[in-house]
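The stops below run from the whole chain down to single residues.

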Amino acid sequence: MRHVDLSHVITDGLITYPGLPGPVISDHLSRDDSRARYAPGYEFQIGHIAMVSNTGTYLDTPFHRFPSGHDLSGLDLARVAGVPGVLVVTSELRTGAASLDGVDVAGRAVLFATGWDRHWATEAYGDPEHPHLGADVVELLVAGGAAVVGIDSVNIDDTRTGERPVHTALLGAGIPIVEHLRGLGRLRGESFTFTAVPPAVVGMGTFPVRAFATVAG
């Protein structure tokens, strides 16, 4: 078994999404200051981070879209931990239903590999002409009972308008979304499970995850 890391590294000031601030990472308690609190020879660092929840590779729960939807604390781990995965490789701006021809999505983590992660941490990453899913493929994901859906693009929806039909349909069906994945191409031809677990925070619908695939062999 081997693990394939699918998350971007979060750094101080990192811009994930256009218009949202980057995180501010600092010491709450520095090593130097900690020495006064502990016995000689002992020191610790306690970090502090101020950030929006949509930072790095993150997961959306229904509360992100709907006030009555469950938040991070209500997330069913069966949907996001050790889930059998299927990789959908696409080069389309708008990925449609044809991409799922012959694909069984029931109970699976369906990951769309567009290659857009090559633009990560550049201005091009936030270009409105980014890959996204179409309404027809989302209908199949919902009807087919996908466990979780992920993409390596800046948004799973078309952001050229203010509408978000993909978020609405998936989260409305209780299907969590993972955006800003990376390196999905490494899963081509592999049998894998997918894990992307956030902390159980009450009153928040989105949070960064350490997403990874576990590959057999």
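**The whole chain**

Of the 217 residues of the protein chain, 45% count as buried. Here buried means under 20% relative accessible area, exposed means over 50%, and partly exposed is in between, with a 1.4 Å probe and protein chains only.

Before going on, note that this is a predicted model: local features need pLDDT of at least 70, side-chain atom pairs count only at pLDDT 80 or more, and totals for chains, interfaces and linings use all residues. Residues are numbered from 1 along each chain as its sequence is written, and side-chain values use heavy atoms, with hydrogens and water left out.

Colour by secondary structure. The protein chain has 3 helices and 13 strands. Both are DSSP runs numbered from the N terminus: helices are H or I with at least four residues, strands are E with at least two. The radius of gyration is 18 Å, close to the 17 Å from the globule rule for 217 residues, so the chain is as compact as a globular protein of that length. That radius is taken over C-alpha atoms, and the rule is 2.2 Å times the number of residues to the power 0.38.

Now show the C-alpha trace. Along the principal axes, the C-alpha atoms of the protein chain fill a box of roughly 65 × 40 × 35 Å. Take the contacts with a separation of 6 or more: residues 24 or more positions apart account for 73% of them. Contact means heavy atoms within 4.5 Å.

The accessible surface of the protein chain is about 10400 Å², and 54% of it belongs to carbon and sulfur atoms. These areas come from the Shrake-Rupley method with a 1.4 Å probe; for residues, only the protein chains shown count as cover.

Next, select the charges. There are 15 positive and 24 negative side chains, and the centres of the two sets lie 5 Å apart. Lys and Arg count as positive, Asp and Glu as negative; His and the chain ends are not counted. Each charge is placed at NZ of Lys, CZ of Arg, CG of Asp or CD of Glu.

**Between β6 and β7**

Select Gly-96. This residue is in the loop between β6 (94–95) and β7 (109–113). Gly-96 is buried, at 16% relative accessible area. Leaving aside neighbours within four places in sequence, Gly-96 contacts Asp-136 and Val-137. Val-105 is buried, with a relative accessible area of 5%. Which residues does Val-105 touch, not counting those up to four places away in sequence? They are Leu-100, Val-110, Leu-140, Leu-141, Gly-144, Gly-145, Ala-146 and Ala-147. Thr-57 is 48 residues apart from Val-105 along the chain, and their C-alpha atoms are separated by 22 Å.

**Rings, and a positive phi**

Show the aromatic side chains. The count comes to 2 aromatic pairs. One of them joins Trp-120 and Tyr-125, edge-to-face, at 5.1 Å centre to centre and 85° between the planes. Rings of Phe, Tyr and Trp (its six-membered ring) pair if their centres lie within 6.5 Å; planes under 30 degrees apart count as stacked, over 60 as edge-to-face and the rest as tilted. Trp-120 and Tyr-125 are both buried.

Step to Ala-121, in the loop between β7 and β8 (132–133). Ala-121 is exposed, at 56% relative accessibility. Check its backbone: phi of Ala-121 is near 65°, a positive value in a residue other than glycine. Most residues other than glycine have a negative phi.

Jump to His-180, in the loop between β10 (177–179) and β11 (192–195). Phi of His-180 is also near 65°. Is this residue buried or exposed? His-180 is buried, with a relative accessible area of 0%.

Select Pro-165, in helix α3 (residues 165–172). Pro-165 is partly exposed, with a relative accessible area of 47%. The C-alpha atoms of Pro-165 and Gly-134 are separated by 8.7 Å, and the two are 31 residues apart along the chain.

Finish at Ala-211, in the loop between β12 (206–208) and β13 (212–215). Ala-211 is buried, at 0% relative accessible area. Beyond its neighbours within four places in sequence, Ala-211 has contacts that include Val-4, Asp-5, Leu-6, Ser-7 and Thr-57. Leu-181, Phe-194, Thr-195 and Ala-196 are also among them. Ala-200 is 11 residues apart from Ala-211 along the chain, and their C-alpha atoms are separated by 16 Å.
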